[in-house]
There are 2 protein chains.
Amino acid sequence: MTTFMDVHHGMHDMTPEQLDEAHRADLAIEGDEDVHFAHAWADTDSGTLFCLSEGPSAEAVRRVHERAGHPADEIHPVTLSV
Amino acid sequence: MTTFMDVHHGMHDMTPEQLDEAHRADLAIEGDEDVHFAHAWADTDSGTLFCLSEGPSAEAVRRVHERAGHPADEIHPVTLSV
């Protein structure tokens, strides 16, 4: 399993309820792809959302976000962390 | 205190030792600004580094990274998280 950080742009003015709903939509289907979305951090002023996940591949992460209705703009495999 | 996600570009081919050294350089001086760098995740293929911190302001985070020799390209205050 690999850790991924994905980034969404254009997420301005997201409310707490909208973020919770989006995260729940991921959690509801992530098991189909053996992915787990652990955390998400949003800067609602710049419209940037960062999601930390674990999964077998970037494609698996991409498919979960797409099926949940919020495709990621960038998906970065984490090769180093501290 | 606010949570921040900052992003560095152009960090290709960073080694584990270089990431550890950079993180230790932040930790050594972060107290001067009442900042704490909690985690960092690097995609060394795309050269993207994400750092999660807490601190009193984006400027404080910016000053620590600059003094440590690796200025951030983006510093995002986290307004929502799950």
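Predicted model: local features only at pLDDT ≥ 70, side-chain atom pairs only at ≥ 80, totals over all residues.
Residues are numbered from 1 along each chain as its sequence is written, while chains are lettered from A and ligands numbered from 1 in the order in which they are written.

**View 1. Chain A as a whole.**
Chain A has two helices and five strands, where helices (H or I, at least four residues) and strands (E, at least two) are DSSP runs numbered from the N terminus. Read along the sequence, these elements follow the pattern β-α-β-β-α-β-β. The radius of gyration of chain A is 12 Å, close to the 12 Å that the globule rule gives for 82 residues, so chain A is as compact as a globular protein of that length; the radius is taken over C-alpha atoms, and the rule is 2.2 Å times the number of residues to the power 0.38. The C-alpha trace of chain A spans about 35 × 30 × 20 Å along its principal axes. Of the 82 residues in chain A, 34% are buried, a residue being buried if 20 or more other C-beta atoms lie within 10 Å of its own, exposed if 12 or fewer, and partly exposed in between, with C-beta atoms placed from the backbone.

**View 2. Strand 3 of chain A and its partners.**
Six of the eight residues of strand 3 (residues 48-55) of chain A are buried, so this strand is largely enclosed by the rest of the structure. Seven bridges join strand 1 (residues 2-8) of chain A to strand 3 of chain A, and the two run antiparallel; two strands are said to pair if DSSP finds at least two bridges between them. Within this pairing, A:Thr2 stands opposite A:Gly55. Strand 2 (residues 36-43) of chain A also pairs with strand 3 of chain A in the antiparallel sense, over seven bridges, and there A:Asp43 stands opposite A:Thr48. Strands 2 and 3 of chain A form a hairpin with four residues between them, and A:Gly47 in the turn has a positive phi of about 75°.

Five strands form an open sheet in the order 5(A)-2(B)-3(B)-1(B)-4(B), with antiparallel pairing. Strand 5 of chain A and strand 4 of chain B stand at the edges, each with a single partner strand, so one side of each is left without a neighbour in the sheet. Strand 5 (residues 80-81) of chain A pairs with strand 2 of chain B over two bridges: A:Leu80 stands opposite B:Ala42, and A:Ser81 has B:Trp41 as its bridge partner. Further along, seven bridges join strand 1 of chain B to strand 3 of chain B, where B:Met5 is partnered by B:Leu52.

**View 3. The contact between the chains and its axis.**
In this interface, 24 residues of chain B are in contact with 24 residues of chain A, two residues being in contact if their C-beta atoms, placed from the backbone, lie within 7 Å. Strand 2 of chain B gives the most to the side of chain B that touches chain A, with five residues. A rotation of 180° with 0.0 Å of shift along its axis superposes chain B on chain A (RMSD 0.0 Å), the superposition being by least squares on the C-alpha atoms of residues with pLDDT of at least 70 in both copies. The two copies are thus related as by a two-fold rotation axis, and in chain B the C-alpha nearest this axis is that of B:Phe50, 4.7 Å from it.

**View 4. The surroundings of B:Pro77.**
Four bridges join strand 1 of chain B to strand 4 of chain B, which run antiparallel, and among these B:Phe4 has B:Pro77 as its bridge partner. With 18 C-beta neighbours inside 10 Å, B:Pro77 counts as partly exposed. B:Pro77 touches A:Asp43, B:Thr2, B:Phe4 and B:Ala58, not counting residues up to four places away in sequence. B:Pro77 and B:Thr2 are 75 residues apart in sequence and 6.8 Å apart in space, C-alpha to C-alpha.
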